[in-house]
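Student: I would like to learn how to read this structure. Where do we begin?
Tutor: With one term, then a case.

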Amino acid sequence: MSSASDPLAALGALPGVAESVESVRKAVDRVYGHRVMRRRGGEITSEAALRGARGSAALSGADWALEEVRRRTDFGADPEALTVGAALRLTAEGGQLLSIWRQSPMRVLARLHLVASGRAEAGDVVGRPRLAGEPVDEPLVDLPLPDADEVAGRLDGLSRVVIAGGSAPALVTAAVVHGELLALRPFGSHNGLVARAAERIVLINSGLDPKAICPAEVGHAEQGAEAYLEAFKGYVSGTADGMAAWIAHCGRAIELGARESTAVCEALQRGAA
């Protein structure tokens, strides 16, 4: 397939990307091959969802301890609680949208933003890309915002790429979806949470992580906000080195997510969890 019809394929040939793809595959295979997965896979999936939501919320400014996320039932008291609640809702909703993603990614993104916002009173601002002049609240990323026309055009291009599919590895596609949504910040709020939720949908839907047990959000948070932003600037630069660095960063995040779930498997095996 030519690069014109498969625009992500060329990214797989960037220096170091093939090695990242292979390293990710080995890490994922290891956790899927754990003996606990054969008997208690559902528990691993549930725990990965909780830990992934916690990690994504941490990058959006609500860095709560895992046990606090597990314990709390009220997520409407303050901005941090709202962020954690949004991350948890997105994690739960993502699994319901897998069949829609390849046919209508924009419909999925709109739904994710609606779920993250969780506010009926927000009216028509929720669940649609921002219009010219509308503000954006994104606590982590302060890079210049593309204007509304550019957002619309690039979202359309991203949607076409997702629908067309192609030969690019799942890691590459997931990293581009994540990076593009974070760069565009198409919604008035919750863009980081939505971008990371979309990354997970790609990883699950691609078959790389069909049981959702390798939460990349855990790895993004573990590497830290500074490293996340530095790698993201590479994506925004559009250079070969920058893109390769972002893809490698996302790959490392998946590996760390796989390591987290392996630790959960080990704890269950010991009867400690």
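Tutor: Contact means heavy atoms within 4.5 Å. Trp 101, for one, touches Val 108, Leu 109, Val 162, Val 177, Ala 198, Ile 201, Val 202 and Asn 205, with residues up to four places away in sequence not counted.

Student: What should I know about the model and its numbering?
Tutor: This is a predicted model, where local features need pLDDT of at least 70, side-chain atom pairs count only at pLDDT 80 or more, and totals for chains, interfaces and linings use all residues. Residues are numbered from 1 along each chain as its sequence is written, and side-chain values use heavy atoms, with hydrogens and water left out.

Student: Which residues have the most contacts inside the largest nonpolar core?
Tutor: In soluble globular proteins, nonpolar side chains tend to be buried together. A nonpolar core is a set of buried Ala, Val, Leu, Ile, Met, Phe, Trp, Tyr and Cys residues joined through side-chain atoms within 4.5 Å. The largest one here has 79 residues, and Trp 101 and Leu 112 have the most contacts inside it.

Student: Is Ser 20 buried or exposed?
Tutor: Buried means under 20% relative accessible area, exposed over 50%, and partly exposed in between (1.4 Å probe, protein chains only). Ser 20 has 12%, so it is buried. Ser 20 lies in helix H1; helices (H or I, at least four residues) are DSSP runs, numbered from the N terminus. Ser 20 touches Leu 171 and Ala 248, sequence neighbours up to four places away aside.

Student: And Pro 15, buried or exposed?
Tutor: Pro 15 is exposed, because its relative accessible area is 63%. Pro 15 sits in the segment before helix H1 (17-32).

Student: What does Leu 50 contact?
Tutor: Leu 50 belongs to helix H2 (residues 35-59). At 15% relative accessible area, Leu 50 is buried. Beyond four places in sequence, its contacts are Leu 66, Val 69, Arg 70 and Leu 88. Leu 50 and Val 69 are 19 residues apart in sequence, yet 7.9 Å apart in space, C-alpha to C-alpha.

Student: At what angle do helices H10 and H12 pack?
Tutor: Axes are lines fitted to C-alpha atoms, for helices over the stretch in contact, and angles run from 0 to 180 degrees between N-to-C directions. H10 (residues 216-223) and H12 (residues 240-270) pack at about 110°, with axes 6 Å apart. Angles of 65 to 115 degrees count as roughly perpendicular, so H10 and H12 are roughly perpendicular to each other.

Terms used: Helix = DSSP H or I, 4+ residues; strand = E, 2+ residues; numbered from the N terminus. Parallel < 35°, antiparallel > 145°, perpendicular 65-115°, else oblique.
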